[in-house]
Amino acid sequence: MQKINTITLAIALACSLPSIAQESLADQSNSNEVKKNDTALEVISVTATKRKTRLMETPAAITALTSAQLKQSGVNNIRDIANLVPGLDISTATDQSAPVISMRGVRSTNITELGDPAVGVHLDGIYSPRMQGALALMYDVERIEALRGPQGTLFGRNSTVGSINVISAKPDFTDDYGSVTLEAGKYNTRSAEGFYNFSVSDDFAVRIAAKGLKRDSYLEGYYDPNQYDTRRLSDAVLNTDVISQDSYQNIGSTLTQRENWWIDAAGTNPESQQVRALTEADKSDFYNSANEYSFRVSTLWSPLDGNFTNHTVFQKYVNDSGNNVDLVNCDKLRSRATEYGGDCSNFLPSDNTYQAVVNVPGELKLDITYLRNTLNYALTDDLDLVWLVGFEDMERSSKQDSEAGLDVWDGATYFLDGTGAKSYSTELQLQSSDMTDLTWIVGVNYFHEKTTTLGYYDNPMDDKVFWDQPDRSTDAFAFFAQATYKITPKLHATLGYRFSDETKEDKGGRSYRCSNADGCAPGWFNRTDLNNLPADYFEDPTIYASFFENDNKGSWTHHDFRVGLDYDLSPDTMLYTYLASGFKAGGIGDVFEVVNDRTSEVNRFETQFDPEEVLTWEIGAKSSFFDNSLNLQAAFFYTDYTDMQYASVGSIGNVERLSAVEDNDGRPILDGSGNPVLDYINQPVIAYYTQNVPGSTIKGIELEFDWKPYPNGRITGYVTWTEAQVTDDWFTKWDYDAEYLFDISYEDSLNPENPLLQTNLKGNDLAMTPKFTANLSYTHSFDFGEYGFIHSWFNVSWKDKSYSTVWNVDKHLDDMEFAISDEATRYIDDSRDSFAMFNASLKYEPQSQKWFAEAFISNASDETVQHWNSTSKGFAKGSFGMPRYYGAKVGFNF
């Protein structure tokens, strides 16, 4: 019944728009004299159908953000548009330094080389496969188009729920001109961007654009010499003041200072057993700092006596910063009782979410080269050939502290030089003209990507795993066709089809193993020996005792379709509806061969996963009111989502390992010589793997508005309602902080056969999908005549409460036997409170408009917004949006 009422409401909403529009037109029918309309909105064209159409005449839910809107909103990269598009949420996975894009309740949680996004990102219409590439600084952009709903027929793979197309400004034949903008702000931010357009001739132009950004860390950062591995810390950090000769003296502010169970037997050097003070980090290169630049050179050639245009783009993006790190949500933990772990003041220097204590200095080096070319060739007056070619080369290396001082079991993740991805894509299209009753497009697309991964996870006390994946490749071929036919002058029908064939393969991949048991690692409590080794000692795979092969291969084919109708109710009103499918290929996953230490038997685990599919029905309306001064877009959608790919760290099996026997508090039991007692213990095989969620349903209403009520004012925004739930039985193992919630051992918390952890997630909400959201922007310009203009802008964005993961902890207080109280659970659950963010700017511009000066503030209310959740051992961790930021800009046009 609820579903029927929702659909009825949506249809009523959609149908009300055209009726209001007709009334508006009738009221104005007596005043159609030719006159200047100072409140008419500009006409925005989009390329959502791979041909240029007007936004308000395109039968799909699209948000188009112009260059002026992007600058006004302070957009630097893809993450910054999250609040500007209905149903969009963008967070950051810190371990991969990559954005995670969610749209209409759908996102990809696997952002490694094994995963694919659910929202396709395109640059100038060409697919960009790696999410790290979406971080490329946005500058000199003509517009951004965000398409919602499956784009399976025209855009194909990995656009199951939508696509984002970033369209750079093209060269201009008419004149030579340019601009420069400088910015200074909080956290010692310095930014510069600009472009210059060269009109070489009447048919050839070049445009050069660039941007650079430097910013200190906005974190309260510390280096900790008390953690197990100190090889990357400076002498100044290692020789800080001694605050205690022994741990468990309740001296200090972190767990590694106050209650470090291994420090008394840490090594033969007595000084290594002393507890030392923390050292405050230099903010210029600490985690969450920024040091990046990009430049772009584009050319446009359109011979006056020819019948083609050719647009070429070369772009470079370099990021050399302090990387990102998971933070503790101190706001959520505040006032938690000590018996349940206390709040941040119990294990960190201060009660502040924006802080981190590490022993591995952060490092991120990202170098991406792009080459894109678009050729449009008029074969005849009625037939065009379009050829798209794209090349992308990404090189990456990084260092990241994994536990950030929250666990005395030290750990860090390293990706080395040689890690990266190269991709090539080409698409050939034939397009009909727009002058006939039948408009159509047919095309073929080929995509190839090869990724390489070279890196390792280091547990300094024991196990290490080194990844050498020299050739993980994807080859995808597709054929597509889509046509729109004018059944009557007002009624149009659209049919689309796409065939996809995709193969993924891992050739020559190796996972190397190193542990105390096999003699590769220094051994238990040999901290002194470990720290005498070079910092890069474990970067050499030849020292590892053994390896297993990852060779694997998988292939998938799929057929996607689109069936749609749109009707021009009046010259200013259109109704549309469609049924469309989307597809994201399965994956080969990692292969694990694990040796049983007692029997020497080799166990092989493969982690392949199935494709995911969506089927969406959408009905919508687009109307212009009051002499085109108000545009309204409304849409209702209903999506059936099958086999959603969900990636997480968990256990894929068990194996006997020679390990230290632990007491009830999780500390190794020592023998008379001070060495740990070893025994064969059944331990979990831990992997980052993907599973398929059987079935989910997503439905929602989106209403966008753009209104110019008077010549100097403008109001834009949206409101949305979305409901996204797991609707089929999903029996799985509980993986949300099981060790803390159930008060069990690490091994038991990861045992896939532990009956305590069996659960059904049917009825859970999908992650990062607030039920209601709203965004409102108001702009007003004051005209002071010869003294110039003042432009004011205010924006508020509100999101309802939601969940940061699919686990929905508070929904399982009755059906799961959590060991902690319901009251204590709320401190670490995955619920996210509703929040509002306020942004504003004030800009002065003289009459000549040759320069401007602007003051701005972002997140004025200083909201702490958590985007990505990785809670463990009672710590509500994750990635967070930036705190309050303000600054000033000055720009010059020439």
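This is a predicted model: local features need pLDDT of at least 70, side-chain atom pairs count only at pLDDT 80 or more; totals for chains, interfaces and linings use all residues.
**Exercise 1.** Find out which residue forms a salt bridge with R832, and work out which parts of the chain the pair ties together.

*Solution.* First, look for the partner: R832 forms a salt bridge with D89, and their closest N and O atoms are 3.6 Å apart. Then place each residue: R832 belongs to strand β43 (residues 831-832), while D89 belongs to strand β4 (residues 88-93), so the pair ties together parts that are 743 residues apart in sequence.

**Exercise 2.** Now try R148: describe its salt bridge with E704, and say where in the chain the two residues lie.

*Solution.* Begin with the distance: the closest N and O atoms of R148 and E704 are 3.0 Å apart. Then locate the strands: R148 is in β9 (residues 141-148) and E704 is in β36 (residues 678-710), which makes this a link between distant parts of the chain, 556 residues apart. Both R148 and E704 are buried. To finish, widen the view: a network of salt bridges links R148 and E704 with R104, E618 and E702.

**Exercise 3.** Classify R54 by its relative accessible area, and name a salt-bridge partner.

*Solution.* With a relative accessible area of 45%, R54 is partly exposed. Its side chain meets that of E57 in a salt bridge, at 3.9 Å from N to O. Nice work! The structure holds 35 salt bridges.

Key:
Residues are numbered from 1 along each chain as its sequence is written. Side-chain values use heavy atoms; hydrogens and water are left out. A salt bridge is a side-chain nitrogen of Lys or Arg within 4 Å of a carboxyl oxygen of Asp or Glu. Buried means under 20% relative accessible area, exposed over 50%, partly exposed in between (1.4 Å probe, protein chains only). Helices (H or I, at least four residues) and strands (E, at least two) are DSSP runs, numbered from the N terminus.
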